[in-house]
Amino acid sequence: MSKFRDHVWINRTPLERFLLIVVVLCLVLLATDAICAMRGLPWDWGTTADWFTGVVTLGGFVGAILALRVQTKALKIQTDQHNDTLSKEEEAQNKELQQERDAANEEKWKCANRTTLVVTAQRGDPRYNYVHKPPLTVTCEFRAPEGFVLSNVQLIAPPLPSFFKEGSRTDTHCDSLNHSRPMKWEMLGSYWPNGDEKDARAWVERRTSVVFTDERDVTWLRSGSGQLTEVK
């Protein structure tokens, strides 16, 4: 009973409820007219045929409204499906474009990302025992990735601290650089004047960088701390 009530009344729109009331009233009046006609009672609200015609007309009106409602719902469903299809197609296109951009960007950074700039600081070779204390040697080594050739490579080294000099393996500019031939810069000194000696490597890293051009004619800057930036 509850489901029938929900279907007939609760789930109806205000317009449908109004039309339902009108139909019920018409049926009541039609039944009253029929009863009066059978018993010969006076009834001046029209004949049964008139009421029947009115009910049929009203039914046609109600049917037209319900058909319009169904058509409106169907049109909304089609519109929603169309918009959903367009949204999915646009999303797929954007995803494809983003993948293409990511692939192009990855290819662009492929060479530069594989370059290395390594800074070391030590007193002599740790494999040997020295009679006298060896000098503190700080080395910066920049290497091109395997399979790539860099051009216009410029190593920007820090100013020499007090009591330091450049080593023999010093190279700060190269027109062409490949993986088998790294660029090196070296300085040596007996005393580190800028604080604790164990911080010498970090001190040089912060002040060292390399500018180079890859095979795609893109210029990059690699800092001693490992950061990579495209030079506009």
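**Figure 1. Pairing of strand 1 with strand 2 around Val-119.** In this predicted model, Val-119 has Cys-140 of strand 2 as its bridge partner. Strand 1 and strand 2 pair in the antiparallel sense over eight bridges; two strands are taken to pair if DSSP finds at least two bridges between them. Helices (H or I, at least four residues) and strands (E, at least two) are DSSP runs, numbered from the N terminus. Residues are numbered from 1 along each chain as its sequence is written. Because the model is predicted, local features need pLDDT of at least 70 and side-chain atom pairs count only at pLDDT 80 or more, whereas totals for chains, interfaces and linings use all residues; side-chain values use heavy atoms, with hydrogens and water left out.

**Figure 2. The loop between strand 1 and strand 2 at Pro-134.** Pro-134 lies in the loop between strand 1 and strand 2. With a relative accessible area of 15%, Pro-134 is buried; buried means under 20% relative accessible area, exposed over 50%, and partly exposed in between (1.4 Å probe, protein chains only). Apart from neighbours within four places in sequence, Pro-134 is in contact with Arg-123 and Gly-124, where contact means heavy atoms within 4.5 Å. Pro-134 and Gly-124 are ten residues apart in sequence, and their C-alpha atoms are 5.5 Å apart in space.

Figure 3. Strand 2 and strand 6 pair in the antiparallel sense over seven bridges, and Phe-142 has Met-183 of strand 6 as its bridge partner. Strand 6 also pairs with strand 4 (residues 164-166), in the antiparallel sense and over three bridges. In that pairing, Phe-164 stands opposite Gly-189 of strand 6. Strand 6 is mostly covered, with five of its seven residues buried.

Figure 4. Strand 7 and strand 8 (residues 219-223) run antiparallel and are joined by five bridges. Ser-209 stands opposite Ser-223 in strand 8.

**Figure 5. The largest nonpolar core.** A nonpolar core is a set of buried Ala, Val, Leu, Ile, Met, Phe, Trp, Tyr and Cys residues joined through side-chain atoms within 4.5 Å. The largest such core has 28 residues, of which Phe-142, Leu-150, Val-153, Leu-177, Trp-192, Val-204 and Phe-212 touch the most other members. Among the elements that give two or more residues to this core are helix 3 (48-113), strand 3 (150-156), helix 4 (200-205) and strand 7 (209-213). Strand 2 gives the most, with four residues. Leaving aside neighbours within four places in sequence, the contacts of Phe-142 include Thr-115, Leu-117, Leu-150, Val-153, Leu-177, Phe-212 and Arg-222.

Figure 6. Leu-177 is found in strand 5 and counts as buried, at 0% relative accessibility. Not counting residues up to four places away in sequence, Leu-177 touches Phe-142, Ala-144, Phe-148, Val-149, Leu-150, Val-153, Pro-182 and Met-183. Leu-177 and Val-149 are 28 residues apart in sequence, yet the C-alpha to C-alpha distance is 5.6 Å.

**Figure 7. Cysteine residues Cys-111 and Cys-174.** Cys-111 counts as buried at 6% relative accessibility, and Cys-174 counts as buried at 7%. The chain has zero disulfides, a disulfide being a pair of cysteine sulfur atoms within 2.5 Å.
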